[in-house]
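Dear colleague,

Please find the structure below. My notes on its charged side chains follow it.

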Amino acid sequence: MYPMNALANSQIGELEKFLCRGYPNGRPPVTFRRYTGQEKDAEKRDIIANPPDILLTNYVMLELVLTRTDETELVRAAKGL
């Protein structure tokens, strides 16, 4: 969770650098996605349907995810954290 979208955006680049490059077929050992409000509706639906191992978000989106019924799959995916 980040206080600003800019920090989440920079971390996406770092995760891509360390987790995507060098792995066969571009398949990283863990999945990650950004969910900050900058994403289009289709991308949000895809993230909800296929929650990643790491979800980069900000505190505003986290509050929304915890209160919206459409995003309960993201909350379920975090079970056990």
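Partly exposed, as used here, lies between buried (under 20% relative accessible area) and exposed (over 50%), with a 1.4 Å probe and protein chains only. The model is predicted: local features need pLDDT of at least 70 and side-chain atom pairs count only at pLDDT 80 or more, while totals for chains, interfaces and linings use all residues. Residues are numbered from 1 along each chain as its sequence is written, and side-chain values use heavy atoms, leaving out hydrogens and water.

The protein has four helices and two strands, in the order α-β-α-β-α-α from the N terminus. These are DSSP runs, numbered from the N terminus (helices: H or I, at least four residues; strands: E, at least two). Of the 81 residues, 23% count as buried.

Six salt bridges were counted, each being a side-chain nitrogen of Lys or Arg within 4 Å of a carboxyl oxygen of Asp or Glu.

One of them joins Lys17 to Glu14, with the closest N and O atoms 3.3 Å apart. Both residues lie in helix α1 (residues 5–20), three residues apart, about one turn of the helix. Glu14 is partly exposed at 32% relative accessible area, and Lys17 is partly exposed at 36%.

Arg33 forms a salt bridge with Asp46, at 2.9 Å between the closest N and O atoms. Arg33 is in strand β1 and Asp46 in helix α2, so this pair ties together parts 13 residues apart in sequence. Arg33 also bridges to Glu43, at 3.5 Å, and Arg33, Glu43 and Asp46 are linked in a network of salt bridges.

Regards
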